Amino acid sequence: MSIVNKRLRKFCTAALAGVLLAGVLPLGASADEPYDVYNYDRWGEAIPSQAGYIADRSVSGEDLGISHFTNPSDIFRDDQNQFYVCDKGNNRIVVVNTEWSKVLNVLEDFTMPDGSKTTLKNPTGVYVSPENQLVYIADTDNSRILISDTKGNVKLEITKPESEVYDQDLTFLPQKVLVDKACNVYVVLNNTTSGACVFNPKGEFTGFYGANRVEQTAEVAARYFWSAIATEEMRDKMKASVPSGFSNFDLDAEGFIFTSTESSTQDTDRVKKVNPAGYNLFADYDVIWGDGSSLWYSGTTYATRIVDIDISDDGMINCLDLTTGRVFQYDEECNLLFILGTTGDQVGGFKQVSALETLDTNIYVLDAGKNTVTIFKETVFGSIVHEATNLYNAGYYEEALGPWQEVLKRDGNYRRAYIGIASAMLKKGDYAESMKYAKLADSPYRYNEAFEGYRSEFLKEYFNILIIGALVLIGGGYGFHKWRKKKRTQNTAGKEGDAQ
């Protein structure tokens, strides 16, 4: 293929993907979905796909029998499967039942420990700890974290830390809040890139946690070089390279904290799985979070901005893209499973997504523009993929083989199924088939594993034949050498005789 043809193919691919992402080309649209359903193939190109979820319904405040939501900013499901909506514009926390059919409680008036009354002011985050059943609220414009019981009785108030570690010139504007199993409180701020602010159960500041890395671009490398040889005055004038701050975080069943970053210009640490030491366990993963790259269409550049992240009970990683209103779902090994949602006025379309949550097989997306919550339900195709994925991730590769094959019957482009079948065949010892599916999935790691097995099996089966063949070749070579030597000696003797 010529260079011109290669460039033309890349241009056409980018244009097609841009059109698809802009939601104007009816490729792969499900009969039940009002928008295009797509996924990515092994070359990283957007292709039509089967829907894993269907937008079932949209719920407003009026539907629940209360006044409408105004700029809702966060949603959280507690261990009783009740939903807490942080209704920012109305300065309240609305508690909704599992079915999203009625309001169970509204938290807007709080009683302080001294008996005085207080209210919220533009709250942006809410979390309910299963360990102590307390409600943690990021009360942003009151510059505090408010901790109360479910009746509004405040147990603790966390305000700006008085510490040398915390820059006293910074305001304390908490955006999101999370509590671990030891009841330590993690707070996302909008004006620091040092990571999450951490407080112990007593509300005492203990430091920062899990700061993102600076992306190593050519510009950053050049700046580092010049700063090394510049004078102090010149360094003061240089623009500092700083990492992006968190946009949100979530906690999985094992206690690992997952963080998301909204930056549209930095790919490094866009999504992280952070261990207790603050190390990103995804640092070495070759994964693209959200859409493959910044895409241009009709004068607009589309770039992923992950505004929220949720880890479902079965370990699925759900990322919410502010730019396109889409949810990108990955399994625990960071394989992309489904893409759902879009921008628009229809059910399943959004104006300004702000948060998401999961319960069983449902995904709940909060829209600060429409002031609603949209409920997505799993399709039959989605249930088959999830069954296969859960079996695979639990180590039951052979048991997952049947579901993966069923997935391919329904969607022959579904890359994750090829990976699953390659692993199942490897487990069964069918190395040739494993190599075949690993190649179709463009998975070098699995192909190499299968090839090693295939080579070992081949050597084991034909070892004796190979040894005998080798001995025959060695013996034949030795005999031929002796014959040539004897022949050469005879020829030399004959020439000497003729000379005499």
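Predicted model: local features only at pLDDT ≥ 70, side-chain atom pairs only at ≥ 80, totals over all residues.
**Entry 1: α5 and α6**

I started with the contact between two helices: Y397, E398, L401, W404, Q405, V407 and L408 in α5 meet R416, A417, Y418, G420, I421, S423, A424, M425, K427 and K428 in α6. I sorted the residues of this contact by class and got ten nonpolar, three polar and four charged.

Next I looked up the geometry. Two packed helices are described by the angle between their axes and the distance between the axes. For α5 and α6 the angle is about 145 degrees, and the axes are 8 Å apart. The crossing of α5 and α6 is left-handed.

**Entry 2: α4 and α5**

I then turned to the other helix I had listed against α5. Helix α4 covers residues 380-393 and helix α5 covers residues 397-410. Their axes are 8 Å apart, and they pack at an angle of about 155 degrees. I put α4 and α5 down as roughly antiparallel, because their angle is over 145 degrees. The crossing of α4 and α5 is left-handed.

Who touches whom here? On the α4 side I found V380, F381, I384, V385, E387, A388, T389, L391 and Y392. On the α5 side the partners are Y397, E399, A400, P403, W404, E406, V407 and R410. By class, that contact has twelve nonpolar residues, one polar and four charged.

**Entry 3: S423**

Is S423 buried or exposed? S423 is buried, with a relative accessible area of 9%. Skipping neighbours within four places in sequence, I found S423 in contact with Y392, Y397 and R446. Of these, Y392 is on my list for α4, and Y397 is on my list for α5.

**Entry 4: D331**

Next I went to a loop. D331 lies between β25 (326-330) and β26 (336-340). D331 is buried, at a relative accessible area of 0%. A polar atom of the D331 side chain is 2.9 Å from the backbone nitrogen of N335.

What does D331 contact beyond its neighbours within four places in sequence? I noted G315, M316, I317, L337, T389, N393 and R416.

S129 is in the loop between β10 (125-128) and β11 (135-139). With 0% relative accessibility, S129 counts as buried. I found two polar partners for its side chain. One is the backbone nitrogen of E131, 3.2 Å from a polar atom of the S129 side chain. The other is the side chain of N132, joined to that of S129 by a polar contact of 3.3 Å.

Outside the four-place neighbourhood in sequence, S129 is in contact with L134, Y136, V179 and C183. I followed C183 up. Its place is the loop between β14 (174-179) and β15 (185-189), and at 16% relative accessibility C183 counts as buried. Phi of C183 is near 70 degrees, a positive value in a residue other than glycine.

**Entry 5: N122, for another positive phi**

N122 has a positive phi as well, near 55 degrees, and is a residue other than glycine. I located N122 in the loop between β9 (117-119) and β10. N122 is partly exposed, with a relative accessible area of 27%.

In helix α7 (residues 431-440), I listed the buried residues as S434, M435, Y437 and A438. Just after α7, D442 takes a positive phi of about 55 degrees.

How many residues separate W43 and D442 along the chain? I got 399, while their C-alpha atoms are separated by 8.1 Å. W43 is in the loop between β1 (38-40) and β2 (46-48). W43 is exposed, with a relative accessible area of 53%.

**Entry 6: stepping back**

Last, I looked at totals. The secondary structure of the protein comes to nine helices and 31 strands. Of its 500 residues, 46% count as buried. I also checked contacts between residues at least 6 apart in sequence: 47% of them join residues at least 24 apart.

Note on methods. Residues numbered from 1 in each chain as written. Heavy atoms only, no water. Axes fitted to C-alpha atoms, helices over the stretch in contact; angles between N-to-C directions. Helix = DSSP H or I, 4+ residues; strand = E, 2+ residues; numbered from the N terminus. Parallel < 35°, antiparallel > 145°, perpendicular 65-115°, else oblique. Left-handed = near helix turned anticlockwise from the far one by under 90°. Contact = heavy atoms within 4.5 Å. Nonpolar A, V, L, I, M, F, W, Y, C, P; charged D, E, K, R; others polar. Buried < 20%, exposed > 50% of the residue type's maximum accessible area, 1.4 Å probe, protein only. Polar contact = N/O pair within 3.5 Å; in protein donor to acceptor, adjacent residues only side chain to side chain.
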